[in-house]
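Dear colleague,

Please find below the structure that I am handing over to you. A summary of the findings follows it.

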Amino acid sequence: MNKLLLLFIVGFIGLALRYLVLGKFELDQLLLLLIFPVGAILIVFIMKRQQNKDRTFQPGVDEIHMVTRLGDRVSEVPKQLYDRQELLGSYKRFYNSRWKRVVADIMDSPGRWFLNLAFSSEDGNEIVLQAKNDKPLRDTTEWLILFNDSEVGKIQMDYSVKNVATLKESLYLEYRNQTYHYTSFGIGAKTKISTNNDTIAEGGRAELGNSIYALDIDDTYKEEAEILFMGFVLFNYHFSQ
C-alpha cells in the first residue's frame with residue numbers, strides 16, 4: 001500500500017514540475033497516476049481480510065503439527081500458534097518507530113527490514129526476538145532471544161558465498177548452549193532444522209499457495225518447541241517463504 005502511495009506522490013510531483021517548468025499538462029497522465037491510490041485502497045481491504053484470518057485462525061480437527069497462519073507480514077496484528085488443536089499463545093511483529101513500519105511496507109521483502117517478533121504464551125511467558133542492529137537502510141541479520149526479559153540465545157543469518165551460490169537459505173539459532181541450523185532452498189521447499197548433524201524438525205506451507213505453516217518437531221525437543229517454532233516463523237518472515 002505505502003509503495004503505491006509513494007509512486008503516486010513521486011509521479012504527481014513530476015507532473016507538477018513538468019507543468020511549472022514546461023507549461024505542459026496531460027490529463028491522461030494524471031488519470032494514469034490515480035490508479036495508484038485506487039490500488040492502495042484495494043490492497044487495504046485485501047490486507048484487512050488477511051489480518052482477520054490470521055487473528056481468528058484455528059487448525060482443523062485432524063491437524064497433527066504445530067501450526068500458524070502467516071498471511072500478513074507487515075502489520076502488528078496478533079497471529080495464533082497452535083500445537084495440534086491446543087492454543088499455545090499468540091505472536092506479533094512490532095516496530096520501535098512508526099516510520100520503520102512504513103519502510104518495511106515499501107520494501108519488496110518486508111521481513112528483512114526492522115523485524116522484531118514477540119510471542120505471548122497461554123501460561124504467561126513471553127519470548128521476544130529482538131533485532132540486534134535496528135539501523136536505517138540495512139536489513140536485519142541478527143537477533144537476541146529474550147525469555148521473560150532475560151537473554152537466553154541469539155539468531156544469526158548465514159549469507160555465506162556458498163549459500164548464495166546454491167540459493168540456499170540458512171540461519172543459526174543458539175539456545176541453551178545448543179545450536180540449531182535452519183535451511184531451505186526457497187519458496188515451496190521444506191525448511192529443515194538440524195542440530196549435531198541430525199534433522200529434528202521439518203516444516204513449511206501446509207499447501208503450496210496458502211498461508212498456513214506447519215512444523216513437525218521431534219518429541220525429544222518438546223521443551224524447546226516454542227523457541228524453535230518462533231525461529232521457524234522468523235525464517236519465513238525474513239526469506240519471504
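**Salt bridges and nonpolar cores**

Arg176 and Glu223 form a salt bridge, with their closest N and O atoms 4.0 Å apart (a salt bridge is a side-chain nitrogen of Lys or Arg within 4 Å of a carboxyl oxygen of Asp or Glu). Arg176 lies in the loop between β8 (169-175) and β9 (178-184), and Glu223 in the loop between β12 (212-217) and α6, so the pair ties together parts that are 47 residues apart in sequence. Helices (H or I, at least four residues) and strands (E, at least two) are DSSP runs, numbered from the N terminus. Both Arg176 and Glu223 are exposed (buried means under 20% relative accessible area, exposed over 50%, partly exposed in between; 1.4 Å probe, protein chains only).

This is a predicted model: local features need pLDDT of at least 70, side-chain atom pairs count only at pLDDT 80 or more, and totals for chains, interfaces and linings use all residues. Residues are numbered from 1 along each chain as its sequence is written, and side-chain values use heavy atoms, with hydrogens and water left out.

The structure holds six salt bridges. One of them joins the side chains of Glu76 and Arg98 (3.1 Å, N to O). Glu76 is partly exposed at 27% relative accessibility, whereas Arg98 is exposed at 54%.

The largest nonpolar core has 38 residues, of which Leu173, Tyr180, Tyr182 and Leu234 touch the most other members. Such a core is a set of buried Ala, Val, Leu, Ile, Met, Phe, Trp, Tyr and Cys residues joined through side-chain atoms within 4.5 Å.

Yours sincerely
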